[in-house]
Amino acid sequence: MNVMLIDYGAGNVTSVERALTRLGARSQRSHSPECIVKAEALLLPGVGHYAALIRALDERALRAPLLDALQRGIPFLGVCLGLQALYETSEEAPELAGLDLLPGSVRSLPGTVKLPHMGWNQLKLTRPSRLLEGVSADAYFYFAHSFAASNVNGEAVALSNHGADFAAVIEKQNIFAVQFHPEKSGEPGARLLQNFLRLAA
Amino acid sequence: MSLAHRIIPCLDTDGARVVKGVNFVGLRDAGDPVALATRYNAEGADELVVLDIAASRDRRPTFLETIRRVAAELAIPLTAGGGIRTLDDARSVIRAGADKVTVNTAAVARPALISELSREFGAQAVVLAIDAKRVNDHWDVMVRGGRDSANRDALVWAQQGVELGAGEILLTSVDRDGTQLGFDTPLTSAVSRAVSVPVIASGGAKLPEHFAQIFSEGAADAALAASIFHDNVQSIRELKQYLATRNIEVRLPC
């Protein structure tokens, strides 16, 4: 199986690529609609500004083929902004429409804590998770973000907390997404990526 | 469940080797960056900072190659800095595998650099490094490796940097750097309480108690040190175990 890394010109593609290589997986970068149509598995990395990701998806005409692939059941993993893009909108760029695969919007974490939420934090499982199989319950993952989804609709299988609870891991049929960076989260992160590769195979 | 306090080893490199010195004088070789990075990763380092202390144009390709080699081995975040003067400089270290860049002297000279980097890579990728030195009742920003005063208040500069788009402050006490007398608690506490972003304390660490103090009294979100880790004065694993016994939230290595 070949994982297609959606390379929209910004973000952490190199890190994700290296993490997959360390796990012995084959991956390929692409930003062409034709490649997304043919992909066996898709990974949307992303770090930085929500608007940069959404604009790049539209400018490169990737939105339609991506939504089509997800509807056909192609396994998908969104990382960080790749999770936030699944919602209807984000407070970070309210004028731009998200992929609208999950109801609700992404909002700023509360101003009562230091932002960005940067560093290692733990998860709180809300129901059994396929991505977190074999990952110890007290494992830490690396986060770097200021916006998050509040899980008002219960879509998350795991939450984390920084000033407020937020969706950390999402699993909805073939759609998987994590707010943290598994590619930067040491052993537990590698395990999660491995689980995704296994689920996608 | 809460955010863990981070321990960050720093590799000062001169081209392909890690060097160390007191107050930038008397540099000596401290090892291969990839070997040290791998060791710190295994010991439970939360991040790694790699600085190009020479920051000369002709050695730049060597530094980028060092970043590439270190990034290939690491599964933790990597920050690169030293000599980042333009958006292109930052692009090249991020393409080489760094997750964040630090800017210091160039940002003091041209603060708009912070905004340019933040727009391109996001605030979480922009670390404003501030070298601060006590002068009477305040702290001055120092530039060019801590040698010259920028005649600017460190607290004010930290706040401006955050407004411009810095997502983190790497705060080095010029007074404490290289002394091993402990971090500068009043400085770190003042800056940490003045800004809304995480603050990494640097300069002066030796004992585990120094780290406990900078997290509890200094309100630091992370603490950085170099030579005490390179020389095995302090192991990261034991340091974290100690901090855990002091009820300071840390990510313990397995």
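A residue counts as partly exposed when the number of other C-beta atoms within 10 Å of its own falls between the buried range, 20 or more, and the exposed range, 12 or fewer. B:Ala219, with 17 other C-beta atoms within 10 Å, is therefore partly exposed. The structure described here is a predicted model. In it, 30 residues of chain A are in contact with 26 residues of chain B.

**Interface between chains A and B**

- The contact between the chains joins 30 residues of chain A to 26 residues of chain B.
- On the side of chain A that touches chain B, at least two residues each come from α1 (13–22), β7 (117–122), β9 (140–145), β11 (156–161) and α6 (186–200) of chain A.
- The most is given by β7(A), which supplies 6 residues to that side.
- By class, the residues on the side of chain A that touches chain B comprise 15 polar, 10 nonpolar and 5 charged.

**Helix α4 of chain A**

- Helix α4 of chain A spans residues 63–71, and its buried residues include A:Pro65, A:Leu66 and A:Ala69.
- These residues lie on the same side of α4(A) because they cover an arc of only 100° around the axis.
- In an α-helix there are 3.6 residues a turn, so residues three or four places apart point the same way.
- The packing partners of the buried residues of α4(A) are α2 (33–38), β3 (41–44) and α3 (50–59) of chain A.
- A:Gly73, which follows α4(A), has a positive phi, near 90°.

- A:Val106 is part of strand β6 of chain A, which covers residues 102–108.
- A residue is buried if 20 or more other C-beta atoms lie within 10 Å of its own; A:Val106 has 27 C-beta neighbours inside 10 Å and so counts as buried.
- Apart from neighbours within four places in sequence, A:Val106 is in contact with A:Gln84, A:Tyr87, A:Ser90, A:Glu91, A:Glu92, A:Phe147, A:Ala148 and A:Ala149.
- Between A:Val106 and A:Phe166, which are 60 residues apart in sequence, the C-alpha to C-alpha distance is 9.7 Å.
- The loop between β6 and β7 of chain A holds A:Pro116, and the peptide bond from A:Leu115 to A:Pro116 is cis, with omega near 0°.

**Helix pairs in chain B**

- Two packed helices are described by the angle between their axes and the distance between the axes.
- Helices α8 (residues 208–216) and α10 (residues 236–245) of chain B pack with axes 10 Å apart, at an angle of about 50°.
- That angle makes α8(B) oblique to α10(B), and the crossing of the two helices is right-handed.
- From α8(B), B:Pro208, B:Phe211 and B:Ala212 meet B:Leu239, B:Tyr242 and B:Leu243 of α10(B).
- The contact of α8(B) with α10(B) has 6 nonpolar residues, and no polar and no charged residues.
- Helix α6 of chain B (residues 154–164) and α7(B) cross at roughly 35°, and their axes come within 9 Å.
- The crossing of α6(B) and α7(B) is right-handed.
- In this second pair, B:Ala154, B:Leu155, B:Ala158 and B:Gln159 of α6(B) meet B:Ala190, B:Val191 and B:Ala194 of α7(B).
- The contact of α6(B) with α7(B) has 6 nonpolar residues, 1 polar residue and no charged residues.

**Loop residues in chain B**

- B:Ala219 is located in the loop between α8 and β12 (222–225) of chain B.
- Phi of B:Ala219 is positive, near 55°, although the residue is other than glycine.
- B:Gln180 sits in the loop between β10 (168–173) and α7 (185–194) of chain B.
- B:Gln180 is not a glycine, yet its phi is positive, about 60°.
- B:Gln180 counts as partly exposed because it has 17 C-beta neighbours inside 10 Å.
- B:Asn136 belongs to the loop between β7 (126–135) and β8 (138–143) of chain B.
- With 6 other C-beta atoms within 10 Å, B:Asn136 is exposed.
- The C-alpha atoms of B:Asn136 and B:Phe229 are separated by 33 Å, the two residues being 93 residues apart along the chain.

Technical notes
Residues numbered from 1 in each chain as written. Chains lettered and ligands numbered in written order. Predicted model: local features only at pLDDT ≥ 70, side-chain atom pairs only at ≥ 80, totals over all residues. Helix = DSSP H or I, 4+ residues; strand = E, 2+ residues; numbered from the N terminus. Arc of directions from axis to C-beta. Contact = placed C-beta atoms within 7 Å. Nonpolar A, V, L, I, M, F, W, Y, C, P; charged D, E, K, R; others polar. Axes fitted to C-alpha atoms, helices over the stretch in contact; angles between N-to-C directions. Parallel < 35°, antiparallel > 145°, perpendicular 65-115°, else oblique. Left-handed = near helix turned anticlockwise from the far one by under 90°.
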